[in-house]
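Open the model in your viewer and keep the selection tool ready. The tour goes stop by stop: select, look, move on.

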Amino acid sequence: MVLKIEPLNIRQHIRSDFSCGKDSLDNYIRKQASQDLKRRVATVFVLVDEPDFNVLAYYTLSSYTIDITALDESFAKHLPRYPLLPATLLGRLAVDYRQTGRRFGELMLIDALRKSLDVSTQVASLAVVAEALDEEALSFYIKYGFRQFTQNPMKLYLPVKSIAEL
Ligand SMILES: CC(C)(COP(=O)(O)OP(=O)(O)OC[C@H]1O[C@@H](n2cnc3c(N)ncnc32)[C@H](O)[C@@H]1OP(=O)(O)O)[C@@H](O)C(=O)NCCC(=O)NCCS
């Protein structure tokens, strides 16, 4: 068995059984992800243990913009006063409940951050933004250095500059 993170292939990867305990995240990978991929709204990456193609975890990435006024002053003061700034959205990240505690969440997060960092050398992005569904998800992201937006504390960002250090 070989763990692999791959772009979602709707003909190959099995999503029907995915369950992380959050209906919105389960329904997304089962029903919505293929549409988002087709419409270029998000890229979707899945973790599988080949030759088994059941999805064990997934995340999505998209381009995004941040309103400069939403950033905390210590970060914003180093930035140009453009009204909107480029970012990368880590829209969703979830691990199947039967796999929790195997550090798959960390593996997927680090892979998403590495891809975001790589892509930012071609298309600029100053931060990765994530949205936490609840307090648990919030503490997961904070653990990895994400900072909360002041106006919306369930939304977090990690400056791309910090990713290389992480
Ligand atoms: C949150 C989630 C992605 C974590 O995945 P996981 O594979 O269980 O976590 P890992 O094994 O990689 O844990 C890595 C670290 O994060 C911590 N952690 C895991 N889940 C956590 C949680 N819910 N809250 C706070 N910390 C958490 C672990 O204790 C571990 O810390 P350690 O280094 O001190 O041991 C997963 O539980 C999940 O999919 N939950 C439901 C969906 C969700 O909430 N997604 C978040 C985006 S909205």
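A residue counts as near a molecule or strand if its C-beta atom, placed from the backbone, lies within 6 Å of it. This is a predicted model: local features need pLDDT of at least 70, side-chain atom pairs count only at pLDDT 80 or more, and totals for chains, interfaces and linings use all residues. Residue numbers start from 1 along each chain as its sequence is written.

**Stop 1: the ligand shell**

Select the ligand and the residues around it. The shell holds 21 residues, and the closest are Thr100, Gly105, Glu106, Glu136 and Ala137. Now colour by secondary structure; helices (H or I, at least four residues) and strands (E, at least two) are DSSP runs, numbered from the N terminus. Strand S4 (84–95), helix H3 (104–120) and helix H4 (135–143) each give at least two residues to the shell. H4 gives the most, with five residues.

Colour the shell by residue type next. Ala, Val, Leu, Ile, Met, Phe, Trp, Tyr, Cys and Pro count as nonpolar; Asp, Glu, Lys and Arg as charged; the others, Gly among them, as polar. The shell has ten nonpolar, five polar and six charged residues.

**Stop 2: arginine 114**

Select arginine 114, in helix H3. Arginine 114 is partly exposed, because 13 other C-beta atoms lie within 10 Å.

**Stop 3: strand S1**

Select residues 2–7. This is strand S1, hardly covered: the count of buried residues among its six residues is zero. S1 and S2 pair in the antiparallel sense over six bridges; strands pair if DSSP finds at least two bridges between them. Lysine 4 stands opposite valine 48 in S2.

**Stop 4: helix H1**

Select residues 23–38. Helix H1 has 16 residues and reaches 22 Å from its first C-alpha to its last, close to the 22 Å expected at 1.5 Å a residue. The expected span is 1.5 Å times one less than the number of residues. Look at glutamine 32: a kink of about 60° in H1 is centred there. The bend at a residue is the angle between axes fitted to the seven residues ending there and the seven starting there.

Tyr28, Ile29 and Ala33 are the buried residues of H1. Their cover includes S2, strand S3 (52–67) and S4, where contact means C-beta atoms, placed from the backbone, within 7 Å.

**Stop 5**

Select arginine 40, in the loop between H1 and S2. Its phi is near 60°, a positive value in a residue other than glycine. Arginine 40 is exposed, because 9 other C-beta atoms lie within 10 Å.

Go to arginine 103, in the loop between S4 and H3. Phi of arginine 103 is near 65°, also positive in a residue other than glycine.

Then select glutamate 50 and proline 51. A cis peptide bond joins them, with omega about 15°. Proline 51 sits in the loop between S2 and S3.

**Stop 6: leucine 56**

Finish at leucine 56, in strand S3. Leucine 56 counts as buried because it has 20 C-beta neighbours inside 10 Å. Show its contacts: Leu47, Val48, Asp49, Asp96, Gln99 and Phe104, not counting residues up to four places away in sequence.

How values were computed
A residue is buried if 20 or more other C-beta atoms lie within 10 Å of its own, exposed if 12 or fewer, and partly exposed in between; C-beta atoms are placed from the backbone. Two residues are in contact if their C-beta atoms, placed from the backbone, lie within 7 Å.
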